[in-house]
Every structure is written in C-alpha cells, then in structure tokens.
Amino acid sequence: MRELERAWDAHRDALLVRGDLAAALAPLAAEPSVVHIPAMTGAAGREALERFYAEQFLPHVPGDLVLRTVSRTVDRWRLVDETTVSFTHDRVLPWLLPGVEPTFRRAEVLAIAVVGFERTRIRSQRVLWDHATLVGQLGLHPEATGRAASGLAR
C-alpha cells in the first residue's frame, strides 16, 4: 500500500508543486483517465491526458495553491484523499471553472480524490470538490460557471 501512496504523492507533487509534466506522467498506467467532477473536465488515454495536462491544467494552476491533507484511506486497489484546497482565483481555470474569468478572490474548498491503480500505476482519478462553496466564495452565480462546458478529451 505504501507503493500506491508513493506513486500518488509523486504524481501530485510533480503536477501541482513542480509543474513537471514528464514526472507527472511517469507513475501513470498505460491508459490512464482523469475526471474532475462537477466540471466534467479531464481526459481518457495517455495522449489525451498528456494534452489535457499540458494545455488545460498546468498553465492554469493558481500561483498560491495550497493543499492540506485531511485524511487518506488506502487499500490494495484504491487510494482516497480528502484534501482542503486553497488558492486565489487569479487566472482562468478551464479544468475547474470552464469559461469563468478570474475573480481575484480567495477560495478554500474540500476536495476528494479517488485514485484507482493497476498494480502500482495510477489508472484512474476522479476528483470531486464542493462546487457550491467554491462558487459562493468566488461570488459567482451557479448557472454562470459553465460546469460541463469542456467535457472529457479522448
């Protein structure tokens, strides 16, 4: 189970702290998938996921993003992280709030990542967050957030 935690921590650190695409892709299975719920953004398949990370995700990670792990549960096939995520909405976030211009407000929300594994390689990620709290903190109207505008890339 420690191998799963190491793979997930390496992926998350490479993606969110260092912005290193190659290192973020290294612990992934041959055909990985990512779905961000409720925005319904992400990708399925290695090429599509690489494009998603390179074009829609990495250039759009808030500069002051902070993650605080609340809890983690791991079994032989899955890891579930409960994390508090805080940031300033200082840029367009197509993976989080498709079609929404920056509000320059601070937000702090709870996010849950359900990570599936194929042996010790990350096969799937479903990331869910408290969309209502996020929208409220940013002063947005729920119907104006374009939640399903981007869709999943293949």
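User: What makes two rings an aromatic pair in this predicted model?

Analyst: Rings of Phe, Tyr and Trp pair if their centres lie within 6.5 Å. The structure, a predicted model, holds four aromatic pairs.

User: Why is the pair of Y53 and F57 called edge-to-face?

Analyst: The ring centres of Y53 and F57 are 5.7 Å apart, and their planes stand at 65°. Planes over 60 degrees apart count as edge-to-face, so that is the name for this pair.

User: Where do Y53 and F57 lie in helix 3 relative to each other?

Analyst: Helix 3 covers residues 46-57, and Y53 and F57 are four residues apart in it, so about one helical turn separates them.

User: How do you know whether Y53 and F57 are buried or exposed?

Analyst: Buried means under 20% relative accessible area. Y53 has 1% relative accessibility, so Y53 counts as buried. F57 has 5%, so F57 counts as buried too.

User: What kind of aromatic pair do F57 and W95 form?

Analyst: A tilted one: the distance is 4.6 Å centre to centre, with 50° between the planes. Stacked needs under 30 degrees and edge-to-face over 60, and the rest count as tilted. Both F57 and W95 are buried.

User: Why is the pair of F57 and W95 said to tie together parts that are apart in sequence?

Analyst: F57 lies in helix 3, whereas W95 lies in the loop between strand 4 (78-88) and strand 5 (106-118), so the pair ties together parts 38 residues apart in sequence.

User: Which residues form one aromatic cluster?

Analyst: The cluster is made up of F52, Y53, F57 and W95.

How values were computed
Residues are numbered from 1 along each chain as its sequence is written. This is a predicted model: local features need pLDDT of at least 70, side-chain atom pairs count only at pLDDT 80 or more; totals for chains, interfaces and linings use all residues. Side-chain values use heavy atoms; hydrogens and water are left out. Rings of Phe, Tyr and Trp (its six-membered ring) pair if their centres lie within 6.5 Å; planes under 30 degrees apart count as stacked, over 60 as edge-to-face and the rest as tilted. Helices (H or I, at least four residues) and strands (E, at least two) are DSSP runs, numbered from the N terminus. Buried means under 20% relative accessible area, exposed over 50%, partly exposed in between (1.4 Å probe, protein chains only).
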